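We will go from stop to stop, selecting as we go.

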Amino acid sequence: MNIVISAIICLCAVIAALVLYLSRRHFSSQIMHSRTSQARIEALESRLLQQELLVSLTQSFISLEEPGVLIRNALMMLVMSMKAGRATLSCINRETQTLTIDHEWSDPKQKLKPLTGLKINFVSGNIFYDTFVITGDVCLTCDKSEDSIRIMQTMGLTGLKGAVYVPVNIYGKFWGILGIEQYNDEHSLIKSDSQILKLAADAVASLLIRAEAEKILVLSKEQAEISNQAKTYFLSRMSHEMRTPLNAVIGMTTIARNSNDQDKMEYCLNKINEASLHLLGVINDILDMSKIEAGKFELSTMEFDFIRMIKRVTDMFGFKANEKHQTLHIKLDPSIPRRIVADEQRLAQVLTNLLSNAIKFTPEEGNITLSVQMAENSDRRCTILFNVIDSGIGITEEQREHLFSPFEQADGSISRRFGGTGLGLSITKNIVELMGGEIWIKSEPGKGSTFAFELSFEQGKPVQNKVTGKIAWEKLRILVVDDSREVLEYFMQYAEQNKMQCTTAEDGIQACKLMEKSEEPLFDIAFIDWKMPNMSGTELCKKIKERFDKKICVIMISASEWDIIEEEAKDAGVDCFIPKPLFSTVITETIERLLAETGKTSTEKTEDSIENIFTGHSILVAEDVEINREIILSILEETGVTIDFADNGKTAYDLFGENPEKYEMILMDIHMPEMDGYETTTKIRALNNKGKNVPIVAMTANVFKDDIEKCLARGMNDHLGKPVDFEELFKRLKKYLLNKDN
């Protein structure tokens with residue numbers, strides 16, 4: 001019985017122990033499960049906070065606020081959410097190899113030293129460079145003492161406990177660094193913080209890309225609006241610029257038709273000519289600008305006479321300067337080669353634009369100077385510096401910024417006061433740059449302006465000095481009388497270069513005193529200005545001729561046109577005339593002409609006579625516009641050339657086909673009824689041997705390079721632009737009728 005009881009008691013004890021063990025184990029298991037759940041909960045809460053932070057960052061960037069404000073708000077959210085001390089955003093400058101901290105936000109309670117504006121050298125050895133460039137790590141975590149020390153040394157920090165830095169990449173390229181820094185022990189940065197920072201960096205990159213795109217869009221919109229406004233204003237001004245000369249043409253034509261007075265009719269014709277040339281200039285400017293904007297503005301280089309080109313350009317402005325009582329000076333470096341290789345027409349256009357502006361914006365009795373100097377010289381190339389100097393209204397610094405822009409002048413009142421398209425300087429700049437040069441301006445309001453440009457040219461074939469021959473130049477004695485100091489200095493320099501004896505006088509009275517010293521003339525040639533104080537040039541010439549008869553040749557120099565002073569000058573005994581501005585080549589040619597033939601003196605022009613030069617030659621002109629046919633007939637009337645006209649392409653083809661041996665040259669309009677110029681040329685070329693070889697010159701208002709090339713490709717030999725320039729037409733006639741290229 002006792003044994004049974006004892007066994008039962010033992011069994012109960014074992015069961016109780018087992019229950020206790022199982023209970024304890026169950027309790028322990030419950031405790032372990034509770035702890036695991038808590039960790040999971042904390043991890044989930046951390047991830048939730050990270051997601052909420054990213055959502056907040058993304059939402060904050062969907063705003064119209066300035067990018068700087070949005071970035072600062074984002075940095076603030078990073079600091080507060082991650083319980084850090086500071087967040088920074090730095091940007092790389094690849095030219096200076098520096099990182100600049102552009103944005104930061106720090107916890108106000110921690111009172112940290114500001115870092116905005118801090119520049120860090122981004123070179124090898126720098127911890128940021130080594131991390132993001134050399135090793136290519138995607139982040140830099142500062143949880144080691146040596147890293148903390150390097151960062152603090154690099155950024156000039158103290159007390160840094162931990163940090164995470166991640167790269168900000170834009171379009172796959174390293175742009176900068178986003179960083180978070182910890183300065184106390186309240187919260188330690190953990191591994192997941194680098195992940196959230198990477199995502200934040202991507203969001204910042206998206207914001208920067210958007211901001212840059214918006215900035216470009218705004219600038220493009222502003223530029224488009226400005227361009228549209230400029231072009232609208234330009235079109236309005238062009239309407240005025242074109243209507244003004246057209247009104248003059250129509251008005252003067254009406255006056256001339258209603259008048260029987262020959263002088264009044266001639267006056268009207270001169271005004272019509274001036275207005276027409278002005279209108280042609282406006283149209284040429286518009287065409288040139290359209291070619292520039294279309295990228296079809298090209299150069300055509302060839303060898304030409306540089307001095308003759310300068311003279312041709314300045315001759316156009318002598319009369320205009322004289323009208324405003326201005327003095328136009330030409331300073332031409334004698335060391336500049338006579339012939340160079342360049343685009344003669346475009347170089348002349350640049351000088352024409354600059355001189356035209358100088359005269360336009362310079363008041364009466366002002367001074368304009370064209371200075372052409374040798375800058376560098378070698379056997380094959382030379383660099384020439386051009387300066388156009390005026391004593392005009394000048395230009396402010398602000399006005400200079402827009403001066404070379406198309407459709408603009410210095411200010412809106414300029415076009416009202418002086419006229420003009422506002423395209424000239426823009427075209428000039430394009431030509432100079434296309435020729436490999438640079439143009440600049442020096443100016444001060446009220447004190448005039450200097451437009452300068454420098455160009456390099458290939459030198460042409462050397463030209464023999466014309467101061468040769470049977471004349472003993474070293475024994476030649478000249479007298480120069482002019483009230484302009486510049487003219488006297490010019491002649492002294494000319495005489496020195498050519499080893500001549502030169503005496504100068506500032507007026508007629510001083511010149512008379514010089515000649516009173518001897519009964520025999522002390523000079524062989526006298527260069528006398530027409531308009532001088534105290535005694536005019538014609539009065540002085542009379543005194544010289546009365547005293548020495550024909551022993552002294554008198555050459556009159558003047559800025560006035562010869563036809564204005566011709567009668568008075570001839571009555572006074574003047575032997576020859578030279579216009580201002582002066583050129584050494586013209587002086588030399590005039591002296592040679594007067595002295596080479598013994599006793600021969602005249603006032604005939606130096607140009608070859610065109611009268612009957614093409615007698616015996618016959619041409620065919622295909623032109624459908626009657627007035628154009630009349631113009632061709634009129635300008636070629638004195639040359640003696642025989643002209644047959646066709647008013648359309650078919651008639652031209654029939655005329656040539658009926659008598660191909662008659663015509664030595666064809667001037668071919670392009671746009672004609674029944675058969676255009678291209679088709680007519682093709683059919684003529686297919687006729688016979690004569691048709692294949694007859695020179696055909698296109699004569700059309702289509703003057704773009706593509707138009708010229710099309711004419712040549714369709715079988716034409718040459719091209720003439722409309723309105724037809726007489727000199728260009730004359731060159732073509734000499735080339736194809738007389739086999740002369742100049």
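Select Tyr171. Is this residue buried or exposed? Tyr171 has a relative accessibility of 68%, so it counts as exposed; the cut-off for exposed is over 50%. Keep in mind that this is a predicted model. Now show the neighbours in sequence. Tyr171 sits in the loop between strand E5 (162-170) and strand E6 (173-182). Check its backbone too. Phi of Tyr171 is near 55°, which is a positive value in a residue other than glycine.

**Next stop: Asn534**

Select Asn534. Where is it found? Asn534 belongs to the loop between strand E16 (525-529) and helix H14 (537-548). Its phi is near 70°, a positive value, and Asn534 is not glycine. Relative accessibility is 63% for Asn534, so this residue counts as exposed.

**Next stop: Thr450**

Select residues 449-459. This is strand E13, and Thr450 is found in it. Is Thr450 buried or exposed? Its relative accessible area is 19%. Buried means under 20%, so Thr450 is buried. Now display what surrounds it.

**Next stop: a pair of helices**

Select residues 485-497 for helix H12 and residues 584-595 for helix H16. Two packed helices are described by the angle between their axes and the distance between the axes. Here the angle is about 65°, and the axes are 11 Å apart. H12 and H16 are therefore roughly perpendicular to each other. The crossing of H12 past H16 is right-handed.

Which residues make the contact? From H12 come Tyr490, Phe491 and Tyr494. From H16 come Ser584, Ile587, Thr588 and Ile591. Sort the contact of H12 with H16 by class: five residues are nonpolar, two are polar and none is charged.

**Next stop: a sheet**

Find the open sheet of five strands. Trace its order: E20-E19-E21-E22-E23, with parallel pairing. Strands of a sheet pair through backbone hydrogen bonds, either parallel or antiparallel. Which strands are at the edges? They are strand E20 (642-646) and strand E23 (718-721), each pairing on one side only. Look along the sheet: from one strand to the next, the twist averages 20°.

Zoom in on strand E19 (residues 618-622) and strand E21 (residues 665-668). These two run parallel, and four bridges join them. Select Ile619: its bridge partner in E21 is Met665.

**Last stop: the helix beside H19**

Select helix H18 (residues 649-658) together with helix H19 (residues 677-685). Their axes come within 9 Å and cross at roughly 20°. That makes H18 roughly parallel to H19, because angles under 35 degrees count as roughly parallel. H18 passes H19 in a right-handed crossing.

Show the side chains once again. On H18, the contact is made by Gly649, Ala652, Tyr653 and Phe656. On H19, Thr680, Lys683 and Ile684 take part. How do the residues of the contact of H18 with H19 divide? Four are nonpolar, two are polar and one is charged.

Conventions:
Residues are numbered from 1 along each chain as its sequence is written. This is a predicted model: local features need pLDDT of at least 70, side-chain atom pairs count only at pLDDT 80 or more; totals for chains, interfaces and linings use all residues. Side-chain values use heavy atoms; hydrogens and water are left out. Axes are lines fitted to C-alpha atoms, for helices over the stretch in contact, and angles run from 0 to 180 degrees between N-to-C directions. Angles under 35 degrees count as roughly parallel, over 145 as roughly antiparallel, 65 to 115 as roughly perpendicular and the rest as oblique. A crossing is left-handed if the near helix is turned anticlockwise from the far one by less than a right angle, and right-handed if clockwise. Contact means heavy atoms within 4.5 Å. Ala, Val, Leu, Ile, Met, Phe, Trp, Tyr, Cys and Pro count as nonpolar, Asp, Glu, Lys and Arg as charged, and the others, Gly among them, as polar. Two strands pair if DSSP finds at least two bridges between them. Buried means under 20% relative accessible area, exposed over 50%, partly exposed in between (1.4 Å probe, protein chains only).
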